[in-house]
Amino acid sequence: MARQLNVDTLQQDFWKEEYLKELMLRFRWHQRYGASVKARQEQLRQRRQATKVPLKLPVLPSPAPGPPAEQPPEEPAGAAGGTQEGEMKPVAPEVRQLLYQGVSQDGEGRRRYLTRRTACAPEEKYYTPVTTNFVYGWQMGEPGKVYVPPSPKCRIESFFRKNGAFSLLDPRDVAM
């Protein structure tokens, strides 16, 4: 609400009276209900303090230990059993060796390993699609070759107008 600049004494008295009425109304309400509100607040405070006491759970006796379960024999890491660990296929040893040869700053080491891994298709790195984006194109194969013409058909000489921005228009260019 915008403030009125042309306030006369009649309006000033009106707003003064409204303010005093509201002040007296609040004062009467506080006299009438203030004690009961404080009493309720004190009851709530006492209830909250009573609920803050931690609860003690009964202690249960521990069950007797049973016979130990037999562990299946572990297979060696390179064993052929068709089992897979994790989502990714194991990295080829010659690619893994790239990590330990050279420094990334020189284009070798980690950088060369990562570029070699990014060159692989996701089907070669993962057993199954990991994300929904992998589903699109999963095992589609190589994309077909696209023919690109040696030169484009349309050629633009310049981005700018030949006659300048304020040149006179040709009368044939006017829209009817």
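I will start with a contact. E22 and R26 form a salt bridge through their side chains, with 3.1 Å from N to O. Bear in mind that this is a predicted model. Both residues belong to helix α1, where they sit 4 residues apart, about one turn of the helix.

Let me step back to the whole chain. What does the secondary structure come to? There are 5 helices and 0 strands. Read from the N terminus, the order of elements is α-α-α-α-α. The chain has 176 residues, and 6% of them count as buried. Its accessible surface is about 18400 Å², with 57% of that belonging to carbon and sulfur atoms. On contacts: take those in the chain with a separation of 6 or more, and 31% of them are between residues 24 or more positions apart.

Now helix α1 itself. It covers residues 9–51, which is 43 residues. Where is the kink in α1 centred? It is centred on Y33, and the angle is about 55°.

Back to the salt bridges. How many does the structure hold? The count is 3. Another joins the side chains of E17 and K21, at 3.9 Å from N to O. For reference, the cut-off for a salt bridge is within 4 Å. E17 and K21 are again 4 residues apart in helix α1, about one turn of the helix. E17 has 46% relative accessibility, so E17 counts as partly exposed.

The remaining pair is E42 and R45, whose side chains meet at 2.7 Å, N to O. Why are these two about one helical turn apart? Because they are 3 residues apart in helix α1. E42 is partly exposed, with a relative accessible area of 35%. R45 is also partly exposed, at 43% relative accessibility.

Helix α1 also carries a leucine I want to point out. L20 is found in this helix, and at 45% relative accessibility L20 counts as partly exposed. Which residues form a nonpolar patch on the surface with L20? They are Y19 and L23, and the patch of Y19, L20 and L23 has about 320 Å² of accessible area together.

R96 lies in helix α2, which is residues 93–96. R96 has 41% relative accessibility and so counts as partly exposed. What does R96 touch, leaving out residues up to four places away in sequence? The answer is V91 and Y113. R96 and Y113 are 17 residues apart along the chain, and their C-alpha atoms are separated by 7.2 Å.

To sum up: the chain comes to 5 helices and 0 strands, α1 has a kink of about 55° centred on Y33, and the structure holds 3 salt bridges. That is what I have for today.

Conventions:
Residues are numbered from 1 along each chain as its sequence is written. This is a predicted model: local features need pLDDT of at least 70, side-chain atom pairs count only at pLDDT 80 or more; totals for chains, interfaces and linings use all residues. Side-chain values use heavy atoms; hydrogens and water are left out. The expected span of a helix is 1.5 Å times one less than its number of residues. The bend at a residue is the angle between axes fitted to the seven residues ending there and the seven starting there. Buried means under 20% relative accessible area, exposed over 50%, partly exposed in between (1.4 Å probe, protein chains only). Contact means heavy atoms within 4.5 Å. Accessible areas come from the Shrake-Rupley method with a 1.4 Å probe; for residues, only the protein chains shown count as cover. Patches are made of residues with over 30% relative accessible area and no salt bridge: like charges are joined within 9 Å, nonpolar side chains (Val, Leu, Ile, Met, Phe, Trp, Tyr) within 5 Å.
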